[in-house]
Amino acid sequence: MTNLEESLRRELLRTNRSGAYSSSTLVDCNTRKYHGLLVVPVPELDDENHVLLSSLDVTVIQHGAEFNLGIHKYQGNNYSPKGHKYIREFDCDVVPTTLYRVGGVLLKKEVVFQHYEDRILIRYTLVDAHSATTLRFRPFLAFRSARQFTHENSTASREYSLVDNGIKTCMYAGYPDLYMQFNKKNEFVFQPDWYRGVEYPKEQERGYASNEDLYVPGYFEMSIKKGESVVFSGSTSAIKTSTLKSLFQKEVEDRAPRDNFFHCLVNAAHQFHNREENGARYLLAGYPWFKCRARDMFISLPGLTLAIDEQDYFELVMKTAEKGLREFMQEKPLTVKIYELDQPDVLLWAVWAVQQYAKYAGKEKCYQMYGRLVKDIVDYIIEGKHPNLRLDDNGLLYTNGKEKAVTWMNSTANGRPVVARTGYIVEFNALWYNALRFAAAQAAENGKGELAEDLEGRAEVCRVSFVDTFLNEYGYLLDYVDGNMMDWSVRPNMIFPVAFDYSPLNQEQKKGVLDVCTRELLTPKGLRSLSPKSGGYNPMYVGQQAQRDYAYHQGTAWPWLGGFYMEACLKLYKRTRLSFIERQMVGYEDEMSCHALGTISELFDGNPPFHGRGAMSFAMNVAEVLRTLKLLEKYTYQK
């Protein structure tokens, strides 16, 4: 903890169900513009999150001597104050808990983010002290979008009002009031000032502007006795302060322990839950900057719900998603907050998600819940109604991706896709074959023989064309084919037809594809997005935005692709690959104490030491690791 090179690399994330969050490093030194104690959506302004309360510095005062436990980075690698040197212990098995020692004073700090309110709660307990002790709390305010910075200005309002054991203030019109309250009486000293030149090294690394000024309205001061606890609440709504102690305790008791790999992942899975006041349920694609993206939602849905026995949440999310899918297919205005529903593979991934539900809840229940949706999606595609999916006579789906990125490999540079995948795209057509066969099986099981026969016929045409189009003489699959243009790059998208329940490939062809993936793409952190033997290999996701855009899908490793790889291994080799897959899982278990604690980063460098990069927590990665654990369990206990 006292070694900043180690502690600043590790981040903490706490979330609630509205998309609000609290995040910083282990020592509470913000290193990203996205970090903050209270970061909340402000729908009246836009659809972004906004940092209201950046941090809260606590100072221990004894015999007139002040010891500030906060830490901020300023220009020129200067840290002030250096509160991290007082840290003696850190633990986050249940809630993040930091123990500070200042001489004879032992102060414990515990932090929770309230589940269903935009409220950060911090409990300070004076574990030990040999003389009278005073605590001083200095709040640093930002009131800005999480994507921007704030700087000293004359527009910011300095006004505040006293409320129950605290104050409320609002720096700019349009923002909600920020309520800062304690569970006991305190003195607020109005001492407005700007702290200038606070610097965020993560933004520097990423080639962005990296410093801002933060406004401090003054400080709160109170005495504290040995054994006493003080609870702070930072929120967009007032609270009755006499309830703070019991509320904090209740929130702690509601927390799932993070005492092992599986529990960490379950905790991470719940962080992606997003609930609107109208009852809509979503899965966010990741933190800190992602919203609910359609493709990510359908790929991560089975892993984040069914793999941890939460069928009810699958159904709630699917209810919202189905509404969005139907609005899209009927060309109605969208009433759901799901982005990128128009991407051509989204409907196909929705069918795949339903297929996983069938395996978990049973075919009969699945047909009753989603049989009509699956049929409508397949009909919609067959009838050529999708604006960017054309079903050709050879049974394959054609997509135009020249001008705009249409697959999960969606990075762009100068307004054009870095990887312009277009024409017959390998995973689109693997998904289409899988969807046709799944829909046919559903029809056959429910007495619709004629429909089943028609779908099976279409699937067979697709199967023959798929092998003819994608399988090359080297035993792996072309990534996309557009007329005479064939992409020979060795990419991970060919793993999908090996992993899906219905595959256009025979056993020998599957083994060939899996072998190439193992040899050229497999890393301890998932599959690389491009083989080191292919042209343009760029495995390090570092540098400025343009540099990172070119590396995003050109060699970086993605854990969610590793999930499909491991599923393919188990399907082909059954129990003989169990120990191999268990060893692969160790690579993810290591991540629980690196980067953002207890979750998995968005992507990793494709070369050793495979550093985590991008967003601190990514839904598809957490989901696929959870789904792999469920598959391991299934094959381990299979007779």
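Analyst: Lys-359 and Asp-501 form a salt bridge, with their closest N and O atoms 2.9 Å apart. A salt bridge here is a side-chain nitrogen of Lys or Arg within 4 Å of a carboxyl oxygen of Asp or Glu. Lys-359 lies in helix 7 (residues 346-361) and Asp-501 in the loop between helix 11 (496-499) and helix 12 (507-520), so the pair ties together parts that are 142 residues apart in sequence. Helices (H or I, at least four residues) are DSSP runs, numbered from the N terminus.

User: What should I know about the model and its numbering?

Analyst: The model is predicted: local features need pLDDT of at least 70, side-chain atom pairs count only at pLDDT 80 or more, and totals for chains, interfaces and linings use all residues. Residues are numbered from 1 along each chain as its sequence is written, and side-chain values use heavy atoms, leaving out hydrogens and water.

User: Which residue forms a salt bridge with Glu-567?

Analyst: Arg-627 does, with the closest N and O atoms 2.8 Å apart. Glu-567 is in helix 14 (residues 559-573) and Arg-627 in helix 16 (residues 619-636), 60 residues apart. Glu-567 is buried at 4%, and Arg-627 is buried at 7%.

User: Which residues are linked in a network of salt bridges?

Analyst: The network links Lys-359, Asp-501, Glu-567, Lys-571, Glu-624 and Arg-627.

Technical notes
Helices (H or I, at least four residues) and strands (E, at least two) are DSSP runs, numbered from the N terminus. Buried means under 20% relative accessible area, exposed over 50%, partly exposed in between (1.4 Å probe, protein chains only).
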